[in-house]
Structure formats: structure tokens, C-alpha cells
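Q: Could you walk me through reading a few features of a structure like this one?

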Amino acid sequence: MENEHTGSRRNHWTFLTNHARVLVAISRDPGARLRDIAADCDLTERTVQAIVTDLETDGYLTRTRDGRRNRYAIAPGARFRHPAEAGREIAGLLAYLAGPPDSPRAPAAAESANGVPDGGALPLP
């Protein structure tokens, strides 16, 4: 019998929730249409609409009309909800994830003779 720890379902998990993906998409383009966000996040428009409503209701973003379109603003100082990250602002994560996907990496640390950076830890991208 398959459960969440076995079978094909186990290979389909991701690090970010759909709410995080939508918030990142909005931070990249605050004037994006819901259909564009949906396409970017591989979600339905209806799902994105519900997520935007959740984010707005919980104070993570505001929506204003700009002609026939909506414009979104992420609340400054918005913090993570989960107790493990409580007190930390989401701005840092959004800045990291919303940056250009092909932005240059930080300069590499000095490496030892075996190719491992001094200190023994591999650098994060």
C-alpha cells in the first residue's frame, strides 16, 4: 500500500508552498495578472485567486486598483507564520527568490588543494 512516504508521491515534494510561489511571483511583478501568476506557478487561476485572498486577509499583501488591473504591494515587515521561523521577516527570502534566476553567483571562497573550500563546507549557490 502506498502512503506519503512511499511510491511515486514521495518523489513529487517541493520546498516551497504554493502560497510562497505566488508571493514570490508578486514580488517579481506587482502588476501581474492572476492568469500570468497562475502560468508562472503552474496553478489554476482559481487557486491563485484563493491564495491572493489568503495573503491579503492575513496581511501579507494589499491590493489596489490601477485602472482595469490590480496592483499588489507586499506588507513591509511581514513575518513567517510557522513557530520555527517566528519573528523572521519574509523580505529576505523574497529578495533571494525574486531576484533574477540567472543572476551571477557570489565569488567562490578560497579552495584547498582537494577542491573543497577552506573550512570544509561547500558553498551554497
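A: Helices (H or I, at least four residues) and strands (E, at least two) are DSSP runs numbered from the N terminus. In helix H1, the buried residues are Val-22, Leu-23, Val-24, Ala-25 and Ile-26. This is a predicted model, where local features need pLDDT of at least 70, side-chain atom pairs count only at pLDDT 80 or more, and totals for chains, interfaces and linings use all residues. Residues are numbered from 1 along each chain as its sequence is written, and side-chain values use heavy atoms, leaving out hydrogens and water.

Q: What pattern does the protein follow along the sequence?
A: The order is α-α-α-β-β-α, made up of four helices and two strands. Of its 125 residues, 18% count as buried.

Q: Which elements do the buried residues of H1 pack against?
A: Packing is read from contacts, meaning heavy atoms within 4.5 Å. The buried residues of H1 pack against H2, H3, strand E1 (61-66), E2 and H4.

Q: Which residues does Pro-30 touch?
A: Pro-30 belongs to the loop between H1 and H2. Leaving aside residues up to four places away in sequence, Pro-30 touches Asn-70, Arg-71 and Tyr-72. Pro-30 and Tyr-72 are 42 residues apart in sequence, yet 4.9 Å apart in space, C-alpha to C-alpha. With a relative accessible area of 26%, Pro-30 is partly exposed.

Q: How should I read the phi of Asp-42?
A: Most residues other than glycine have a negative phi. Asp-42 has a phi near 60°, a positive value in a residue other than glycine. The residue is found in the loop between H2 and H3. Is Asp-42 buried or exposed? Its relative accessible area is 70%, so Asp-42 is exposed.

Q: What kind of aromatic pair do Trp-13 and Phe-15 form?
A: Rings of Phe, Tyr and Trp (its six-membered ring) pair if their centres lie within 6.5 Å; planes under 30 degrees apart count as stacked, over 60 as edge-to-face and the rest as tilted. The structure holds one aromatic pair. Trp-13 and Phe-15 are edge-to-face, 4.9 Å centre to centre with 75° between the planes. Trp-13 counts as exposed at 55% relative accessibility, and Phe-15 counts as exposed at 75%.

Q: Which residues lie nearest the centre of the largest pocket?
A: Rolling a probe the size of a water molecule over the atoms shows where empty space is left. On a 1 Å grid over the protein atoms alone, a pocket is an open set of points where a 1.4 Å probe fits, with protein on both sides within 12 Å along at least five of seven lines; lining residues have an atom within 4 Å of a point. Here 20 residues line the largest pocket, and Thr-17, His-19, Ala-20, Phe-80 and Arg-81 lie nearest its centre. H1 gives the most to this lining, with four residues.

Notes:
Buried means under 20% relative accessible area, exposed over 50%, partly exposed in between (1.4 Å probe, protein chains only).
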